[in-house]
Amino acid sequence: MELAIVIPYYKLDYFEECLNSLAIQTNKNFKVYIGDDASSQDPLEVIEKFKGSLDLVYHRFNENLGGISLTKQWHRCINLSQGERWLMLLGDDDYISENYVDEFYSHLKEIEKLDIKVVRFASRIVRNPSGECSKLYTHPRLERSTDFFFRKFLKFSRGSLTEQIFRRDAFLKHGFRDFTLGWGADNFAWLDFTEFGNVYSINDATAFFRISERNISRGGYKEELKQGVKYSYFTLIIEVYLQEFQSHQRLPLLLFYEQVVYNNRKTNFRFWLKMCRMFYIEKAYLQILKFSRRILIHKFSK
């Protein structure tokens with residue numbers, strides 16, 4: 001068996017819909033692993049309904065780890081799996097189209113030939129309680145992970161953990177970075193796992209990513225903390241990985257980072273010096289003057 005679908009479980013609300021989307025897959029060549037993060041909502045009654053239709057392993061952890069480190073919870077759930085070459089982390093409130101696994105296997109020969117480490121599917125956002133679905137987000141068949149990162153943060157696309165399938169060896173080599181709330185850990189994973197190489201896209205199957213009243217992605221939930229995490233990983237992008245991006249992407253990323261810093265009230269002399277140096281490297285000489293003016297306006301307008 002090539003594929004492990006791993007569900008870090010905590011919320012019961014939409015869990016049955018999640019499992020049902022796996023039970024109706026037209027290709028059943030996968031195994032499901034459920035890691036219960038010491039949830040107060042017992043999922044066993046729901047799981048029992050699918051014992052005959054899914055090859056399924058359930059494990060309840062005695063300690064709630066997701067509240068401390070969501071990425072460490074992902075790691076220990078993946079460790080339940082049994083050596084499958086490909087891994088998928090599926091949110092307990094998300095679901096997938098019935099042809100999802102079949103489409104993966106139908107493309108697998110080409111994926112292996114291209115030595116791809118991350119496979120991405122089309123996606124829609126489902127907003128609850130209304131049940132409203134977003135437009136369908138599709139992607140180029142082959143795309144550099146840096147290009148996708150750029151498109152996502154410049155608001156040209158979207159992405160989440162759910163619609164990716166990734167190779168175990170890439171995961172074992174890099175793992176997920178331990179950002180608070182797991183915020184941005186998936187974005188960094190696709191850069192790390194591909195080693196800034198290509199992501200392969202399958203647009204004929206869809207992952208449905210749910211935003212609900214209990215989802216950490218919902219607007220208004222720990223926004224200040226999320227902004228702090230965004231500051232941390234964008235600082236890493238700018239200071240360490242900026243040159244991995246194409247030349248036409250680097251200036252917009254610097255300008256985006258500038259706004260992140262303002263939002264986190266992190267302006268200081270070191271920030272000014274760093275940004276001036278970055279603009280100089282990019283030969284954006286006029287931006288040095290404009291940036292110096294902007295930071296003065298920002299400082300004295302507070």
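Q: How much space lies in the largest cavity of this predicted model?
A: The largest cavity holds about 40 Å³ of space. The structure has one cavity of 30 Å³ or more.

Q: What makes a space like this a cavity?
A: A 1.4 Å probe fits there but cannot get out, so the space is called a cavity.

Q: Which residues line the largest cavity?
A: The lining is made of Ser145, Phe148, Phe149, Lys152, Asn187, Trp190 and Leu191. Two elements, α5 (145-153) and α7 (185-194), each give two or more residues to this lining. With four residues, α5 gives the most.

Q: Why is Asp115 called partly exposed?
A: Partly exposed covers the range between under 20% (buried) and over 50% (exposed). Asp115 has 44% relative accessibility, so Asp115 counts as partly exposed. You can find Asp115 in the loop between α4 (100-113) and β6 (118-127).

Q: What makes the phi of Asp115 worth a look?
A: Most residues other than glycine have a negative phi. Asp115 is a residue other than glycine, yet its phi is positive, near 55°.

Q: Why does Glu195 count as partly exposed?
A: Its relative accessibility is 45%, so Glu195 falls in the partly exposed class. Glu195 sits in the loop between α7 and β10 (198-211), and its phi is a positive value near 55°.

Terms used:
Residues are numbered from 1 along each chain as its sequence is written. This is a predicted model: local features need pLDDT of at least 70, side-chain atom pairs count only at pLDDT 80 or more; totals for chains, interfaces and linings use all residues. Side-chain values use heavy atoms; hydrogens and water are left out. On a 1 Å grid over the protein atoms alone, a cavity is a set of points where a 1.4 Å probe fits but cannot get out, and a pocket is an open set with protein on both sides within 12 Å along at least five of seven lines; lining residues have an atom within 4 Å of a point. Grid points are joined across faces, edges and corners, and a volume is the space filled by probe spheres set on the points. Buried means under 20% relative accessible area, exposed over 50%, partly exposed in between (1.4 Å probe, protein chains only).
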